[in-house]
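I hope it reads well with the structure open beside you.

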Amino acid sequence: MTEAGKGLVLVVEDERPIADLVRLYLARDGFGVHVEHDGSAGLSAARRIRPVACILDIALPGLEGTEICRRMREDGDWTPVIFLTARDDEIDRILGLELGADDYVTKPFSPRELVARVKALLRRAAGPEEGGRVRALGPVTLDPGRRRVTVDGAPLSLTPTEFDLLGHLLGRPGRVFTREELLASVWGYASHAGTRTVDVHVAQVRAKLGDAAGLIRTVRGVGYTASD
């Protein structure tokens, strides 16, 4: 399918009925859709067509979805990634998030919810239409309008979700946010999705912040705050 007004989404799913369903719902919402059915072809397509978002099944022939995501991030490609998985195993989901994925959906899933997740990710990646105030804490500076983070002046590469998580914490320094509040505000859905997602993303942001990681503090039994 050719690219539509909202951009081209890459879907890598070996179960053809599921791939066709995802394609149908994305196309109905105005997206162009490119589908591959194995991991190697999926990685090649991600590098060739430069989609606005990727929907990757985890269990794929050839390369698994997690490996596709890992190689994309190694290439410096921070295209939003959502995993599809039939595995009822938190380890697989956490691994995907640790490799740089932005979100995941467990099969069976609502195709409408999946499309909503894609749209939410793309809105976050685009940033606010009229920009926003620059936020600074210690050596970290975050510019919402330019979607740019620096640490001591050096640029930092973050996924769209990592950027918004950091921005939300920096927006109200000293305010303690519960995991449920962060899920609702950053991811845009309720706590039934699992607050472990928040913990993994906080760990990833801290790892990227390096020596400035201490700016994000854990409040035991409550959640997280940003303070210097």
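**Notes on the fold, the cores and the charged pairs**

1. Three strands form an open sheet in the order β10-β12-β11, with antiparallel pairing; strands pair here if DSSP finds at least two bridges between them. The edge positions belong to β10 (177-178) and β11 (216-219), each with a single partner strand, so one side of each has no neighbour in the sheet. Helices (H or I, at least four residues) and strands (E, at least two) are DSSP runs, numbered from the N terminus.

2. A word on the source. This is a predicted model, in which local features need pLDDT of at least 70 and side-chain atom pairs count only at pLDDT 80 or more, while totals for chains, interfaces and linings use all residues. Residues are numbered from 1 along each chain as its sequence is written, and side-chain values use heavy atoms, with hydrogens and water left out.

3. Back to the sheet. β11 pairs with β12 (residues 223-226) in the antiparallel sense over 4 bridges, and Ile216 stands opposite Ala226 in β12. Helix α6 (residues 160-171) packs on this sheet and touches β10, β11 and β12; contact means heavy atoms within 4.5 Å. The direction of α6 makes about 70° with that of β12, where axes are lines fitted to C-alpha atoms, for helices over the stretch in contact, and angles run from 0 to 180 degrees between N-to-C directions.

4. α6 is mostly covered, with 10 of its 12 residues buried. Buried means under 20% relative accessible area, exposed over 50%, and partly exposed in between (1.4 Å probe, protein chains only). Among the buried residues of α6 are Phe163, Leu165, Leu166, Leu169 and Leu170, and also Glu162 and Asp164.

5. Which residues touch the most other members of the largest nonpolar core? In this core of 27 residues, they are Val140, Val149, Leu165, Leu166, Leu169, Leu182 and Leu209. A nonpolar core is a set of buried Ala, Val, Leu, Ile, Met, Phe, Trp, Tyr and Cys residues joined through side-chain atoms within 4.5 Å. Two or more residues come from each of β7 (140-143), β8 (148-151), α6, α7 (179-187), α8 and β12. The most come from α6, which gives 5 residues.

6. Leaving aside neighbours within four places in sequence, Leu209 is in contact with Val140, Val151, Leu156 and Ile216. A second, separate core of 21 residues includes Val22, Tyr25, Phe31 and Phe109.

7. Gln204 is also worth a click. This residue lies in helix α8 (residues 196-209) and is buried, with a relative accessible area of 18%. Not counting residues up to four places away in sequence, Gln204 touches Leu97, Glu98 and Glu162.

8. Now the charges. The model has 16 salt bridges, a salt bridge being a side-chain nitrogen of Lys or Arg within 4 Å of a carboxyl oxygen of Asp or Glu. Glu13 forms one with Lys107, the closest N and O atoms being 2.9 Å apart. Glu13 lies in the loop between β1 (8-12) and α1 (16-28), and Lys107 in the loop between β5 (103-106) and α5 (111-126), so the pair ties together parts that are 94 residues apart in sequence. Both Glu13 and Lys107 are buried.

9. Lys107 has a further partner in Glu15, with the closest N and O atoms 3.2 Å apart. This pair also links distant parts of the chain, 92 residues apart. Glu15 counts as partly exposed at 38% relative accessibility, whereas Lys107 counts as buried at 13%. Glu13, Glu15, Asp57 and Lys107 are linked in a network of salt bridges.

10. Thr85, in strand β4 (residues 81-85), is buried at 1% relative accessibility. Its contacts, not counting residues up to four places away in sequence, include Asp57 and Lys107.

11. Glu113 and Arg117 meet in a salt bridge (2.6 Å, N to O), and both lie in helix α5, 4 residues apart, about one turn of the helix. Glu113 is partly exposed at 32%, whereas Arg117 is buried at 11%.
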